[in-house]
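Q: Hi! Could you walk me through this one with me?

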Amino acid sequence: PDLFEAAGAETMRRSLRTWPPQALTMMCWSLAQVGHGQPLLSAVTTELQSRPEAFDDVDMATMTSLLQADSGWPSELLHCRQAALSQIAAEAERRNLRKTSEALRNAARAAAG
C-alpha cells in the first residue's frame, strides 16, 4: 500500500483520544495535502468537538485553513467541515484566539469571492 494510505489506516486503527491535538492536526493536514485526508477528517472533527480546549490557537488556525471550501474536499464532507468550522469559530470567540480568528476571516473572504 501507498505510504499515505498506510499512515491513514494506522491513524484510524488507534484511539485518537490519546493523541495530542497537534499530532491530529498535523496528520490531518499532511494526509489532506496528498489527497488522503478524507477518512481522518471526521475523526479529527469528533475529537475537536469533544475536547476543544485541548486544541491551541495554531491547531485551530491550521484546521481552519485546511477546511476552506477551495481546498478540494468532496461535497459529502460539507457537513463535517461545517461542524468543525462552527466549533472552531465558537472556540475562537470564547478564548480570543487571534491566529484562528484571522484564519476564519481569511476563509470568509475567500468564500465570498
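Q: Is D59 buried or exposed, and what is the nearest side chain of opposite charge?
A: D59 is buried yet has no salt bridge, and the nearest side chain of opposite charge, R95, is 7.3 Å away. Buried means under 20% relative accessible area, exposed over 50% and partly exposed in between, with a 1.4 Å probe and protein chains only. Lys and Arg count as positive and Asp and Glu as negative, with His and the chain ends not counted. A salt bridge needs a side-chain nitrogen of Lys or Arg within 4 Å of a carboxyl oxygen of Asp or Glu.

Q: Before we go on, what kind of model is it?
A: This is a predicted model, where local features need pLDDT of at least 70 and side-chain atom pairs count only at pLDDT 80 or more, while totals for chains, interfaces and linings use all residues. Residues are numbered from 1 along each chain as its sequence is written, and side-chain values use heavy atoms, leaving out hydrogens and water.

Q: Thanks! Where is D59, and what does D59 touch?
A: D59 is in helix α4, residues 57-66 (helices are DSSP runs of H or I, at least four residues, numbered from the N terminus). Not counting residues up to four places away in sequence, D59 touches P21, Q22, T25 and A54; contact means heavy atoms within 4.5 Å.

Q: On to α2, then. Which of its residues are buried?
A: P21, L24, T25, C28 and L31. They cover an arc of only 145° around the axis, which puts them on the same side of α2; the arc is that of the directions from the helix axis to the C-beta atoms.

Q: Which residues touch the most other members of the largest nonpolar core?
A: C28, L40, L41, M63, L67 and I88, out of 23 residues in that core. The elements giving two or more residues to this core are α2, α3 (38-50), α4 and α5 (78-95), and α3 has the largest share, 5 residues. A nonpolar core is a set of buried Ala, Val, Leu, Ile, Met, Phe, Trp, Tyr and Cys residues joined through side-chain atoms within 4.5 Å.

Q: Last one: where is N96, and is N96 buried or exposed?
A: N96 lies in the loop between α5 and α6 (98-112), and is exposed with a relative accessible area of 61%. Phi of N96 is positive, near 55°, in a residue other than glycine.
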